[in-house]
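This report goes through one protein model, from its charged side chains to its helices and its confidence values. Please look at the sequence and the structure before reading on.

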Amino acid sequence: MLRIGLFLAFLVVPVLEIWLLIQIGEVIGGWTTVALLIADSLLGGWLVRREGRRAWAALQKAIESGRMPDRELADGALIVAGGALLLTPGFITDVFGFAMILPFTRPFARRLATWFLGRRVKSMAARSPYAPFISAMPRHDSHHDQPRPRENVVRGEVVDD
């Protein structure tokens, strides 16, 4: 499923980008469209630099405080991915790039990426040879903080010589 989605994305997105550039060029003119793309790239580069510095400072602060910097690492990854999309010429990829970089749209992009990658990891773990061990691990109930008891518990005694 993911392979088909990636294939379609790499096939459809460039065609849509070219079509949109032609449509915009017909409305506002070719040179104006090129100037708009250059201005878009310059603004994107400035934003990537600014938000990258902020994410780096937040990452350092989280590490110094001794907590797991999961949010900061996700923000850094989104900024890098958004910067790559902004480097790609076109307006559709720029919209997604800005959504990953802007501080007020990044939390939504982070939740979407967390949801997608969580599903992907669970799917890959279910197909792995270690799936029986993963499913036998205790899970935490969403309503209680106590772990569920394991099935097939073998009681024993440790003998120390």
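## A salt bridge to start with

Which side chains meet in a salt bridge with 3.4 Å from N to O? They are the side chains of E51 and R54. E51 and R54 are three residues apart in helix α2, which covers residues 30-65, and so about one helical turn separates them. An α-helix has 3.6 residues a turn, so residues three or four places apart point the same way.

The coordinates come from a predicted model. E51 has another salt bridge, to R50, where the closest N and O atoms are 2.8 Å apart. E51 itself is buried, with a relative accessible area of 2%. R50 is partly exposed at 27%, and R54 is partly exposed at 48%.

## A network of charges

The count of salt bridges in the model comes to seven. One of them joins the side chains of D75 and R106, at 3.6 Å from N to O. This pair links distant parts of the chain, since D75 sits in helix α3 (residues 70-87) and R106 in helix α5 (residues 106-127), 31 residues apart. D75 is buried, with a relative accessible area of 6%, and R106 also counts as buried, at 6%. Through shared partners, salt bridges join R50, E51, R54, D75, R106 and R110 into one network.

## Overall layout

How many helices and how many strands does the protein have? There are six helices and zero strands. Read from the N terminus, the order of elements is α-α-α-α-α-α. Of the 161 residues in the protein, 19% are buried. Among contacts with a separation of 6 or more, 48% are between residues 24 or more positions apart.

## Helix α5

Helix α5 has 22 residues, which at 1.5 Å a residue should span 32 Å.

Which residues of α5 are buried? They are R106, A109 and R110. These residues cover an arc of only 95° around the axis, so they lie on the same side of α5. The face turned away from the buried side carries exposed residues: F108, R111, W115, R119, K122 and A126.

## Helix α4

In α4 the buried residues are F91, T93, D94, G97, F98 and I101. Their arc around the axis is only 150°, which puts them on the same side of α4. On the other side of α4, V95 and F96 are exposed. The buried residues of α4 pack against α1 (residues 2-28), α2, α3 and α5.

## A look at V48

V48 lies in helix α2. Its relative accessibility is 25%, so V48 counts as partly exposed. Which residues is V48 in contact with, leaving aside its neighbours within four places in sequence? The contacts of V48 are I79, G83, L86 and I101. A84 is 36 residues away from V48 in sequence, while the C-alpha atoms of V48 and A84 are 9.8 Å apart in space.

## Regions from the UniProt record

An unreviewed UniProt entry places the feature "transmembrane region" at residues 5-22, 28-48 and 77-102. In the model, residues 28-48 are 95% helix and 0% strand, and the end C-alpha atoms of this span lie 27 Å apart. Residues 77-102 are 85% helix and 0% strand, and the end C-alpha atoms there are 13 Å apart.

## Confidence in the model

The mean pLDDT of the protein is 86. A value of 70 or more is reached by 88% of the residues. Where is confidence lowest, and where is it highest? Confidence is lowest in helix α6 (residues 131-136), with a mean of 68, and highest in α4, with a mean of 94. Where pLDDT is low, the predicted coordinates should not be read in detail.

Technical notes:
Residues are numbered from 1 along each chain as its sequence is written. This is a predicted model: local features need pLDDT of at least 70, side-chain atom pairs count only at pLDDT 80 or more; totals for chains, interfaces and linings use all residues. Side-chain values use heavy atoms; hydrogens and water are left out. A salt bridge is a side-chain nitrogen of Lys or Arg within 4 Å of a carboxyl oxygen of Asp or Glu. Buried means under 20% relative accessible area, exposed over 50%, partly exposed in between (1.4 Å probe, protein chains only). Helices (H or I, at least four residues) and strands (E, at least two) are DSSP runs, numbered from the N terminus. The expected span of a helix is 1.5 Å times one less than its number of residues. The arc is that of the directions from the helix axis to the C-beta atoms. UniProt positions are given in the numbering used here, feature names are shortened, and annotations may be inferred rather than shown by experiment. pLDDT is the predictor's confidence in each residue, from 0 to 100. Contact means heavy atoms within 4.5 Å.
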